[in-house]
Amino acid sequence: MFRDIENLVEGHLKSMGIDNPEANIIWIKDKSVMSDATTTCALKYAKELNINPKILSGEIVEILNARKGELMVQEIKLEGPGYINFKFTDEFYFKNLNISAKNVLENIRDKDLLKVKDREVLVEYTDANPFKVFHIGHLMDNIIGETVANIYDLAGANVKRISYQGDVGRHIAINIYAILNNLEEYKIIKEGGDVKKKVVWLGDKYAEGFKIFDNALHHAEQGETLETESEVINKVKEINKKIYEKSDETINEIYKNGRAWSLEYFDTLYKLLGTKFDKYIFESEAAPIGMDLLNKNINIFEHSDGAIIYDGEKDGLHKRVFVNSEGLPTYEAKDIGNMSIKLAEYKDAMLSIVITGNEQKEYFKVLYKVLKKIFGSDINFLHFSHGLMRFADGKMSSRKGNIKAGDELIYSIMDELRVKFENSRIENNEEKEDVIEKVAIASIKYSVLKQAIGKDVVFDLENAIRIDGDSGPYLQYTYARICGAVAEDISTPNQNTDESEFIITENSKDLIKLILRYEEVVGETIRSMGPQVLLSYLVELAREYNSFYASEKIRENIYNINLSSRVRDVLHHGLHTLGIKTPSRM
RNA sequence: GCUCUCGUAGUUCAAUGGAUAGAAUUCAAGUUUGCGGUACUUGCGAUGCAGGUUCGAUUCCUGCCGAGAGCACCA
């Protein structure tokens, strides 16, 4: 919306000899400053031109002043060390309020953002492992990954959502080892109906198996087994090999069932979380492809102690093992296959992103060195990593101990919400359950997304669902409140409202300015890949609206209704970008 | 030991090198003859320490102190 002004300023800077000048105009957040927006470009370029910033900004102000009317600027002032400040006319506000939330991208210009426009961007996230529990870490990964994908969507990219799942490897051998020790239980579980129950059982068996295996590995005291340490280790190795070779009927059957149960259960969770993957890739298919590509590029690697490694120390990184001394591919080699599968499916992809926990940061640096050498320079790689979720107090512990499963966390929040929703205005039980689900997910997503990606998250159940102001439910409440106020029977606002449909008053002015700032916020969110930027803006908007609501009777006039529905549109657009659903009643 | 990340109100988080460092919560005091009080208003309160670069530093650089993560056959 500032394009015309920026073009004029940049034109002048160009004539002064600056290459590709950028005169970004941004809204002033400080309410004590009387102007609406500002640019600091004179300060930046005066240094380059070696002249006094006040002189440069003075020239620019003069040029702009001559065209104040057509630019819809009421006043242009030179303030401070060289800020060029703008105060806009009412006409400017009306005109730009017509830009709907959906079109914000049209008005964003940032060269980096335009690069991904209409190009395929692959986002891999969640990466839950069949046979294993859907951990809190997977939950965070999913929330952050979904948001990153949505933000790239917003930037105009053709985003493909991918989940890469570890359906082979030692963790499964350990699980099957434990199941083989409990075949009677397995037969009973197999007949039972509930998939959740089966998955919980699998998780229990993994824990059992892991304990025995880990004890054997570290020469700790034996669990309930008669086998010696080396027998346990060898058995797990043997099972692992048999899974790869598909050579044992019993193991094949257990493997097939366990994998299917897990995947079916994960799908119910993805649905709950609002994720739709475009593609699932499995380690079992990635492994042979990875081995093949590794052999074709063997010159990149080195042999060491019987293993095949990449010496990252040459690049100031670590050495990583790609194939272990038994000839089996590790995660590293499988990831080469994973990438190959992605590129086979999405040939035009220009960017491949993976979301994981912070602990894998160094690993991905090494992996990307290798991938770059194998797959060339047409594709770029990014790794976003997130921190851990900690709990604020002991209240999060369930009867079994502290919550570690992601689904368990969601269900326990829903239990808390059911109590709160007893007095809800919603009488239909089905709708109520649906809303409870959406509020529960919103409360977790808000907690995860309110800080920059990469930082640890502190989850406080009390704050997440109850406390006002700093929560997902607060934003949802504000949305529902507007929906209630802007009732359909009063007026359905026209999408193409002209200036006769808005009015600027003492109470509405700050709110209008805030709505106009949405464009800038979206640009900043994409540029910094920072959901917290968008989220804190939405809180500010909700707060400003609630303040407006307290001072005005919304249904009293059409202007208030129109403005309210504009706020509703922005909230809807922003929250959906963050993967938060917006029920119209709650 | 080496490498990386991070230190901001009591607490949880913000701030492309820009104006008086923003929010939320806690605590204190208030608000409704009105569409959803899960609301609104006011107040108290912070950049770990020491230097450097700059017209200007929470941001960039150096050192110190403190926290976390990673450092080959796991994922």
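Predicted model: local features only at pLDDT ≥ 70, side-chain atom pairs only at ≥ 80, totals over all residues.

Trainee: Where does Asp305 lie, and what is its phi?

Mentor: Asp305 lies in the loop between β8 and β9, and its phi is positive, at about 50°, although the residue is not a glycine. Most residues other than glycine have a negative phi.

Trainee: Which strands make up the sheet with β8 in it, and in what order?

Mentor: That open sheet has three strands, ordered β8-β9-β10, and the pairing is antiparallel. The edge strands, each of which pairs on one side only, are β8 (302-304) and β10 (319-323), while the twist averages 45° from one strand to the next.

Trainee: How many bridges are there between β8 and β9?

Mentor: β8 pairs with β9, residues 307-311, over three bridges in the antiparallel sense, and within this region His303 stands opposite Ile308 in β9.

Trainee: What about the sheet with β1 in it, what is its strand order?

Mentor: That one is an open sheet of four strands in the order β1-β2-β4-β3, again with antiparallel pairing, and its edge strands are β1 (26-27) and β3 (73-79). Two bridges join β1 to β2, which covers residues 37-39, and Trp27 stands opposite Ala37 in β2.

Trainee: Back to phi angles: what is the phi of Thr126, and is that residue buried or exposed?

Mentor: Thr126 is not a glycine either, yet it has a positive phi of about 80°. Its place is in the loop between β5 (120-124) and α7, and it counts as buried because it has 28 C-beta neighbours inside 10 Å, where the cut-off is 20 or more.

Trainee: At what angle does α7 cross α17?

Mentor: The axes of α7 (residues 136-154) and α17 (residues 429-449) come within 10 Å and cross at roughly 75°, and the two helices are therefore roughly perpendicular to each other.

Trainee: Which residues of α7 and α17 meet there?

Mentor: From α7 there are Met140, Ile143, Ile144 and Thr147, and these meet Ile444, Lys445, Val448 and Leu449 in α17. By class, the contact has six nonpolar residues, one polar and one charged.

Trainee: How many residues are in the largest nonpolar core?

Mentor: It has 136 residues, and those with the most contacts inside it include Ile444, Tyr152 and Leu541. Leaving aside residues up to four places away in sequence, Leu541 touches Leu514, Val567, Val570 and Leu571. In soluble globular proteins, nonpolar side chains tend to be buried together.

Trainee: Where is Val232 found, and why does it count as buried?

Mentor: Val232 is found in helix α11, residues 229-245, and it counts as buried because 22 C-beta neighbours fall inside 10 Å. The C-alpha atoms of Val232 and Glu430 are separated by 50 Å, and these two residues are 198 residues apart along the chain.

Trainee: And chain A overall, how many helices and strands does it have?

Mentor: Chain A comes to 23 helices and 16 strands, and its C-alpha trace spans about 90 × 65 × 40 Å along the principal axes. Of its 586 residues, 37% are buried.

Key: Residues numbered from 1 in each chain as written. Chains lettered and ligands numbered in written order. Axes fitted to C-alpha atoms, helices over the stretch in contact; angles between N-to-C directions. Parallel < 35°, antiparallel > 145°, perpendicular 65-115°, else oblique. Contact = placed C-beta atoms within 7 Å. Nonpolar A, V, L, I, M, F, W, Y, C, P; charged D, E, K, R; others polar. Core = buried A, V, L, I, M, F, W, Y, C linked by C-beta atoms within 7 Å. Buried ≥ 20, exposed ≤ 12 C-beta atoms within 10 Å, placed from the backbone. Pairing = 2+ DSSP bridges.
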